[in-house]
Amino acid sequence: MQKFERHQGLVAPLDRANVDTDLIIPKQFLKSIKRTGFGVNLFDELRYLDEGYPGQDVSKRSLNPDFILNQDRYQGASILLARRNFGCGSSREHAPWALADFGFRVVIAPSFADIFYNNSFKNGILLITLDEEKVDRLFKAVEANEGYSLDIDLEHQRIVTPEGEIFEFSVDEFRKHCLLNGLDDIGLTLQDEPAIRAFEQRHREARPWLFRG
Amino acid sequence: MAGQTLYDKLWSQHLVKERDDGTALIYIDRQLLHEVTSPQAFEGLRLAGRKPWRLDANLATPDHNVPTTLVERAEGNTGIKDPVSLIQVQTLDDNCEAFGIEEFRINDARQGIVHVVGPEQGATLPGMTVVCGDSHTATHGAFAALAHGIGTSEVEHVLATQCLLAQKMKNMQVRVEGKLGTGVTAKDIVLAVIGRIGTAGGTGYAIEFAGSAIRDLSMEGRMTVCNMAIEAGARVGLIGVDDITIEYLRNRPFAPTAEQWEAAVADWHNLVSDDDAVFDKVVEIDAAEIEPQVSWGTSPEMVTNISGEVPDPDAVADDTVKRGYLRALEYMGLAPKQKITDIRLDKVFIGSCTNSRIEDLREAAKVAKGNKVADSIKLAMVVPGSGLVKRQAEAEGLDQIFLEAGFEWREPGCSMCLAMNADKLDPGEHCASTSNRNFEGRQGYGGRTHLVSPAMAAAAAIAGHFVDVRQLKDATQPEEV
């Protein structure tokens, strides 16, 4: 996993609540058996005016000029500002894969759906929860100032605005540790192999019907 | 000390290790696999040179991507016309074979939607932890199993370690007391709950559904309720064990037998919340007040009574909610204050992991019997949840009832719930759907989904628009013996 320590980047505002994973990456693109290549279809139904399908030449598609990611001022954005309950719906990890493949490293919103939250951290994306009032202020600042960027410091858990204002955020220690060090969960868990084996043995003795053969 | 909730009990029975920061390793008893969220997990195992920790904990079947027409299914995988879908289904077969995982392949009678297949086989048992790379894994909580929908990285993690990294959730109880009215079903209960608490109302919680109206439901109805816990934001839905749970599981292929069955049953009776358990949040709902529900918007919380109307965004105070409503009405092509019964439909879909079990099909057939699908309906389809549900329905003659009424009778799979295969809406079409999500584009680009119960979907197919199933003559009366 890509490490995340500190990130400075342009902010794009997606002013809409309950953005679901079907909206982040529509189902026709889930047929891929790879983890990469989803970026061109991120927010496909908002981004393009025509219906997308896998394998098409996206350079020939007509872009929706009203969608933020198609506007000149947000080209190269790597921080997405969003509204409450971002990432609700299905468990498809294709959603964070698409965000990461497009170039997003951070999403800031008042709340996130649980499964999407887990999936994002496993793909090197930092999700920051800020209260609605702060998110609202950031929306206004981004819309008012072209080229608005934020400095995200994971180590010290703070966001620094261009005006020098500081927003502190919380993140659980384990997820922070994994992101800062780019650690693979499986490798870490397998360090506990003896504990898992011992548990499994006790569990099998207590409830043998949970094991077949 | 206060008693434990069912969730607390399941959590502590599976806790391998808890770190100081609250992150825990919990042991996973069952993983269900399908073709869409597993290929990258198997690839990850292969690249790291790892093997599955415990083969017998896994069970696989293709469901999301499979065609549902007999002409395509007759030829097995080679009948899949979409080459990209074919690769995905074939990849699942190849991975299961290479790693030695049991799979019900496309034309095995036991194939079907993972969340129908698991319980039907007894592969989901009370007291288990169950995971699947699908958010509707919450379904299995109807058996007092701690079931989580997970992402692909977690699928790989469980394959490799038999554990999931998790943090303990908070406890919520949704208590539905009293008797449901005639023609009101499990689907209406859960839609009403989501309408009440919102799509993020359960975020961070495990929701236990309790109360006499829940106890009165069959296992099929309980699965419908738990299935949609995720639409209220909760990864986990739960219902305590009772005799209905145990009778459903008796003699299922994967269920224990003989002395093990007796020991298991004795253990399962403990899988209920203690009387003095404390929940972080309790929501109470009067079953008698629940009407048949219809969703009008693009989020499952945008739902109302069949006797109701589309809301007026101008009457909403919260600005974010108001803009959401305006956007939803524009997408859905509906006007403020439009009566729900005036919404005209183009397609009807009866199926999905929410409502494709035998009882769902019986409910729909009861309404369809002796009637005809309205001429204005372009397609009304019934997609059984598994090959075994299909066989049972055919043994009861339900397929003939549907066919005579003008419904199509299809092969099992996820089908138009998420439209990964050819079953989809065209732009602008309105669909009465027994599925679980009405998100933009979910059932097809530009498609407009209305979530309803199987009986309400069948009634809408016949009328061509939404109608109160309770007003249809005979449809909701008990059958004559």
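**A first look**

Let us start with two residues that lie out of the solvent's reach: both Glu231(B) and Arg437(B) are buried, where buried means under 20% relative accessible area, exposed means over 50%, and partly exposed lies in between (1.4 Å probe, protein chains only). Please keep in mind that this is a predicted model, in which local features need pLDDT of at least 70 and side-chain atom pairs count only at pLDDT 80 or more, while totals for chains, interfaces and linings use all residues. Residues are numbered from 1 along each chain as its sequence is written, chains are lettered from A and ligands numbered from 1 in the order in which they are written, and side-chain values use heavy atoms, with hydrogens and water left out.

**Salt bridges**

- Glu231(B) and Arg437(B) are joined by a salt bridge of 2.9 Å, N to O; the term stands for a side-chain nitrogen of Lys or Arg within 4 Å of a carboxyl oxygen of Asp or Glu.
- This pair links distant parts of the chain, 206 residues apart: Glu231(B) sits in the loop between helix 9 and strand 11 (236-238) of chain B, and Arg437(B) in the loop between strand 18 (430-433) and strand 19 (448-451) of chain B. Helices (H or I, at least four residues) and strands (E, at least two) are DSSP runs, numbered from the N terminus.
- One network, built from salt bridges that share partners, takes in Asp15(A), Arg83(A), Asp136(A), Lys140(A), Asp319(B) and Arg323(B).
- Over all chains, a search of the whole structure finds 57 salt bridges.
- In chain A, Arg84(A) forms a salt bridge with Glu132(A), with 3.0 Å between the closest N and O atoms.
- Those partners are 48 residues apart and link distant parts of the chain: Arg84(A) is in the loop between strand 2 (79-82) and helix 3 (94-102) of chain A, and Glu132(A) is in helix 5 (residues 132-144) of chain A.
- Arg84(A) is partly exposed, at a relative accessible area of 22%, and Glu132(A) is partly exposed as well, at 36% relative accessibility.
- Glu103(B) and Arg105(B) also meet through their side chains in a salt bridge (3.4 Å, N to O). Here Glu103(B) is buried, with 13% relative accessibility, whereas Arg105(B) is partly exposed, with a relative accessible area of 35%.

**Where the two chains meet**

- Contact, meaning heavy atoms within 4.5 Å, involves 81 residues of chain B and 62 residues of chain A.
- About 6,100 Å² is buried between chain B and chain A, and carbon and sulfur atoms give 54% of it. Buried area is the accessible area (1.4 Å probe) that two parts lose on being put together, summed over both.
- Which residues of chain B lose the most area to chain A? They are Gln40(B), Trp53(B) and Tyr445(B), which together account for 13% of what that side buries.
- Between the two chains the count is 12 salt bridges. Arg35(A) forms a salt bridge with Glu156(B), where the closest N and O atoms are 3.0 Å apart.
- Helix 6 (residues 152-161) of chain B gives the most to the side of chain B that touches chain A, contributing seven residues.

- Helix 5 (residues 114-121) of chain B is mostly covered, with eight of its eight residues buried; among them are His115(B), Pro119(B) and Glu120(B).
- The buried residues of helix 5 of chain B pack against strand 3 (30-33), strand 6 (129-132), helix 9 (219-227), helix 10 and helix 14 (387-395) of chain B.
- Gly122(B) follows helix 5 of chain B and has a positive phi, near 75°.
- In helix 11 (residues 258-268) of chain B, the buried residues are Trp261(B), Ala264(B), Val265(B), Asp267(B) and Trp268(B). They lie on the same side of helix 11 of chain B because they cover an arc of only 160° around the axis, the arc being that of the directions from the helix axis to the C-beta atoms.
- Glu259(B) and Glu262(B), on the other side of helix 11 of chain B, are exposed.
- The buried residues of helix 11 of chain B pack against helix 10 (243-249) of chain B.

**Chain A as a whole**

- Chain A has eight helices and seven strands, and its C-alpha trace spans about 65 × 45 × 25 Å along its principal axes.
- Of the 213 residues in chain A, 60% are buried.
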